[in-house]
Amino acid sequence: MIKLAFGQSLRHRRTRKRLTQEEVALESGVSLRYLQDLEAGNKMASINTVFRLARALDTTPATLLNPAWKTWSAKDEC
């Protein structure tokens, strides 16, 4: 599932940077609850939000989206 793959990527990057959900939410301008939903795979971020999250995590949007892309393309959902 794409949302779950993106959420896992987001959580992985956040924990590697040793940041709390609160810190990332504040830095990216999203609510804590929304970030929690993203990490749990319950919601999917808009492209604008992906860019803001990437900046807050000091990474690129591609880094956050690559696992979701691999999941999507492996299932022949193209």
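In which loop is R18 found? Select R18: it is in the loop between α1 and α2. Helices here are DSSP runs of H or I with at least four residues, and strands are runs of E with at least two, numbered from the N terminus.

Before going on, note that this is a predicted model, in which local features need pLDDT of at least 70, side-chain atom pairs count only at pLDDT 80 or more, and totals for chains, interfaces and linings use all residues. Residues are numbered from 1 along each chain as its sequence is written, and side-chain values use heavy atoms, with hydrogens and water left out.

**Stop 1**

R18 is not a glycine, yet its phi is positive, about 60 degrees. R18 counts as exposed, at 76% relative accessibility. The terms work like this: buried means under 20% relative accessible area, exposed means over 50%, and partly exposed is in between (1.4 Å probe, protein chains only).

Now select D58, in the loop between α4 and α5. D58 is not a glycine either, and its phi is positive at about 55 degrees. With a relative accessible area of 57%, D58 is exposed.

**Stop 2: the largest nonpolar core**

A nonpolar core is a set of buried Ala, Val, Leu, Ile, Met, Phe, Trp, Tyr and Cys residues joined through side-chain atoms within 4.5 Å. Select F6, L10, V24, L35, L38, L53 and L64. Of the 16 residues in the largest nonpolar core, these seven touch the most other members. At least two residues of this core come from each of α1 (2–16), α2 (21–28), α3 (32–40), α4 (47–56) and α5. The helix that gives the most is α4, with four residues. In soluble globular proteins, nonpolar side chains tend to be buried together.

Pick out L38 from this set. Which residues is L38 in contact with, leaving aside its neighbours within four places in sequence? The list is K3, F6, G7, L10, K43, M44, A45 and L53. Contact means heavy atoms within 4.5 Å.

**Stop 3: helix α3**

Select α3 and colour L35, D37, L38 and E39, the buried residues of this helix. Among the elements that cover them are α1, α2 and α4. Then step to G41, which follows α3 and has a positive phi, near 80 degrees.

**Stop 4: helix α4**

Select α4 and colour T49, V50, L53, A54 and A56, which are buried. Why do they lie on the same side of α4? They cover an arc of only 160 degrees around the axis, so they are on the same side of the helix; the arc is that of the directions from the helix axis to the C-beta atoms. Turn to the other side of α4 to find I47 and R55, which are exposed. The buried residues of α4 pack against α1, α2, α3 and α5.

**Stop 5: A56 and S28**

Centre on A56, which is in helix α4. A56 is buried, with a relative accessible area of 15%. Its contacts, leaving aside neighbours within four places in sequence, are L19, V24, E27 and S28.

Move on to S28, in helix α2. Is S28 buried or exposed? S28 is buried, with a relative accessible area of 5%. Not counting residues up to four places away in sequence, S28 touches R52, L53 and A56. Show the side chain of S28: a polar atom of this side chain lies 2.7 Å from the backbone oxygen of V24. The backbone oxygen of A25 lies 3.4 Å from a polar atom of the S28 side chain.

**Stop 6: the tryptophans of α5**

Rings of Phe, Tyr and Trp (its six-membered ring) pair if their centres lie within 6.5 Å; planes under 30 degrees apart count as stacked, over 60 as edge-to-face and the rest as tilted. By this rule there is one aromatic pair. Select W69 and W72: their pair is tilted, at 5.3 Å centre to centre with 35 degrees between the planes. W69 and W72 are three residues apart in helix α5 (residues 61–74), so they are separated by about one helical turn. W69 is partly exposed, with a relative accessible area of 49%. W72 is also partly exposed, with a relative accessible area of 25%.

Conventions: A polar contact is a pair of N or O atoms within 3.5 Å; within protein, one must be able to donate a hydrogen and the other to accept it, and residues adjacent in sequence count only if both atoms are side-chain atoms.
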